[in-house]
Protein chains: 2
Amino acid sequence: MASKIKQNAFYAQSGGVTAVINASACGLIETARQHKKHIGKVYAGRNGIIGALTEDLIDTSKESKKDIAALKHTPAGAFGSCRYKLKSFEENQAEYERLIEVFKAHDIGYFFYNGGGDSMDTANKVSQISQKLGFPITCIGIPKTVDNDLPITDNCPGFGSVAKYVAVSIREAGFDVASMAESSTKVFVMEVMGRHAGWIAAAGGLAAENEGEAPHIILFPEIAFNKEKFLKKVNQCVKKYGYCAIVVSEGVAYKDGTFLADAGSVDNFGHKQLGGVAPVVAKMVKDALGYKYHWAVADYLQRAARHIASETDVEQAYAMGKAAVEYAIAGKNAVMPTIVRKNTKTYKWSIGEANLSDVANVEKMMPRKYISSNGMHITQACSDYLLPLIKGESYPPYKNGLPQYVVLKNEPVKKILKKKFVI
Amino acid sequence: MASKIKQNAFYAQSGGVTAVINASACGLIETARQHKKHIGKVYAGRNGIIGALTEDLIDTSKESKKDIAALKHTPAGAFGSCRYKLKSFEENQAEYERLIEVFKAHDIGYFFYNGGGDSMDTANKVSQISQKLGFPITCIGIPKTVDNDLPITDNCPGFGSVAKYVAVSIREAGFDVASMAESSTKVFVMEVMGRHAGWIAAAGGLAAENEGEAPHIILFPEIAFNKEKFLKKVNQCVKKYGYCAIVVSEGVAYKDGTFLADAGSVDNFGHKQLGGVAPVVAKMVKDALGYKYHWAVADYLQRAARHIASETDVEQAYAMGKAAVEYAIAGKNAVMPTIVRKNTKTYKWSIGEANLSDVANVEKMMPRKYISSNGMHITQACSDYLLPLIKGESYPPYKNGLPQYVVLKNEPVKKILKKKFVI
């Protein structure tokens, strides 16, 4: 397909943000600015797709070259993200019609959607429906998720940095607990994200390079929790190494599907207790074995930790944004650039592509061969897969001891449509 | 006093460890090695003072120059620390007599104790009692505490790094929440250490350089918690900035002294609920205002985070270890080196000294003038005090994406005494 006539582009960030989603934005905007023959302005949706529906667009051409470059080292979503999934065309035709109306009004011929599986589904639907409604739009997905659960792509931008954070953090906490164990804390539990897929928890395993190093136990959402087996292992570790460091995925559940975080925890008002699987696991150990414990819940700190981002991750996130523009200009449609691992001894990657229809709504779980036979650690194969993804440090610039992250001007594009749209 | 004859030295790490206590150990051992005329071997207590009582000494002369140098970038306590406070001489004379017995047996004439207020008290007592028992020992304290609550010294090694971690983390999480607030999380609560003194919580305030930046609210242990006022402020922030980021000290309490973390939280088995003030505060906001929340408890991650250590802190920690040896050789006794802030426009510091008797068991709280008038943020004076302490990045070396922290050989010194000592 030949390249299209010059039109504006729409870019939106979707779902939970990451340490490097702005690096994808940076790659996209910088590349679009190099292709002014094809792409006019890049409009960003304020708060993701909500900005498109409400015609609340941000004119990124108003941002300086320097500020756009700074996106590469700035965590979170510079234009705002949202948790808002478009319904099916049948269920809410009005939403899709509104999108096309807004795109038409602002001469938007390119739709770039930076998100996870749900977002790829949305991008795919917009592509189909734009054709149907007579205003064809080039739709390109840009992968993003800390959970690393997108199919086809070897890994997913956002994951490498959270993986690095988790591996570094449990190594450091492990050193701490080892120092204290003789007379104080013997068990440390660190809770990490990943409600369905255990990739983030697995990354913690990278810290254990030698026998006896933290973490000693990893609890995956893919493995049904066995209390007896777990407690036995904790006790063995304390006896053998003096302490036990545990990484637990927020999504760990019993065989019947009950999340540990939810199990039997209703407060004295009858309210369900505040999440947190780490305190539940820690207390379980205390009650059964009597060991003094500490626990941590990293929550947003892990996915926002740009200060300890993986260089590989930053580069790949940037490359995905760049490739998205190049694919669009080349006339590709309804695709998502992917990361392809080359079959070489040292880690090398290139950029591939996947059809959005193949990516949409598919969750990639940890393969069983990546989890050790006892279900509580990672295998060498897993380590071989994960290690390159956390490689390299990509430090942000600092001033007065603090990282310098950019806040964009985010100037609105003048509204054209008379009709308001209520979300 | 003239310099003493050559004797061995004893060094021990005490209490909760920090990201830079090993930097003090590094300064001490490297400096001692340069003064072989005065100091023979440096023996470290395995697991702190417990190692002295049980005659479990580590011969640091068996460690390579390279490994000792690596202590400067390794978090936690390389020789093991302990939570063990010696009783008074009257209460447990046997402990002190045992210490002197062990020191005599191993020709130890220098006692270096690296810890907080309790440890300075112990070092002071050992000094007094060693004279009394006819085996005078030079006792030097080396300041260490993440809580920054030692008196006389302008600040305390260990604090600057946890302060930097907290400021960086709440800045990053603030960016995250700001991105999500339109359709998802509006309130974020981060719990930090500091049961009595709010210095660590205060450090979070450094992240808010401009109007509206995270954190919007800081809850200090020094200020009685006022629920109504707090909730009003949360609501104001959400209305004005779209979101509210909160740093809460673990030690926040109501006017009557009840810790928030303990208040009204008994589970349905009648057990007191697992600590964590962050979830309590988050749920309070949800119940009153209905906002979606996230919370994090950094726990050990904050004090072990050598990857984001303050350069100032690392240098000061090293300098304290070095000064301790120099003071000892110069014949000083029962003192602790301190950090003295010079009255200059740009931050400069030098090394001073304090008598252990003046440091022992005194807690330095946040002065009221460092807390804003509404009790929920820091003042410019506080920021001026804190900023230099987080300045500079002192990154550890990395290999395969992970920080390379040293694990010492920790070879034991042959026991001489026949009698065992039971702790």
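**A few notes on chain B**

1. In strand β2 of chain B, B:V42 is the bridge partner of B:A9. Please keep in mind that this is a predicted model. The pairing of strand β1 (residues 7-13) with β2(B) runs in the parallel sense and covers 4 bridges.

2. Next, a helix pair worth a look on your screen. Helix α1 (residues 21-33) of chain B and helix α11 (residues 311-329) of chain B cross at roughly 40°, and their axes come within 7 Å. The crossing of α1(B) past α11(B) is right-handed.

3. Which residues make that contact? From α1(B) they include B:A25, B:G27, B:L28 and B:A32, and from α11(B) they include B:A317, B:G321, B:A324 and B:V325. By class, the contact of α1(B) with α11(B) has 13 nonpolar, 4 polar and 2 charged residues.

4. A second pair has another geometry to check. Helix α8 (residues 227-241) of chain B packs against helix α9 (residues 277-289) of chain B at an angle of about 75°, and the axes are 11 Å apart. Angles of 65 to 115 degrees count as roughly perpendicular, and α8(B) and α9(B) are therefore roughly perpendicular to each other.

5. On the α8(B) side, the contact is made by B:K227, B:L231, B:V234 and B:N235, while α9(B) brings B:M284, B:V285, B:A288 and B:L289. The residues of this contact divide into 6 nonpolar, 1 polar and 1 charged.

Notes. Residues numbered from 1 in each chain as written. Chains lettered and ligands numbered in written order. Predicted model: local features only at pLDDT ≥ 70, side-chain atom pairs only at ≥ 80, totals over all residues. Axes fitted to C-alpha atoms, helices over the stretch in contact; angles between N-to-C directions. Helix = DSSP H or I, 4+ residues; strand = E, 2+ residues; numbered from the N terminus. Parallel < 35°, antiparallel > 145°, perpendicular 65-115°, else oblique. Contact = placed C-beta atoms within 7 Å. Nonpolar A, V, L, I, M, F, W, Y, C, P; charged D, E, K, R; others polar. Left-handed = near helix turned anticlockwise from the far one by under 90°. Pairing = 2+ DSSP bridges.
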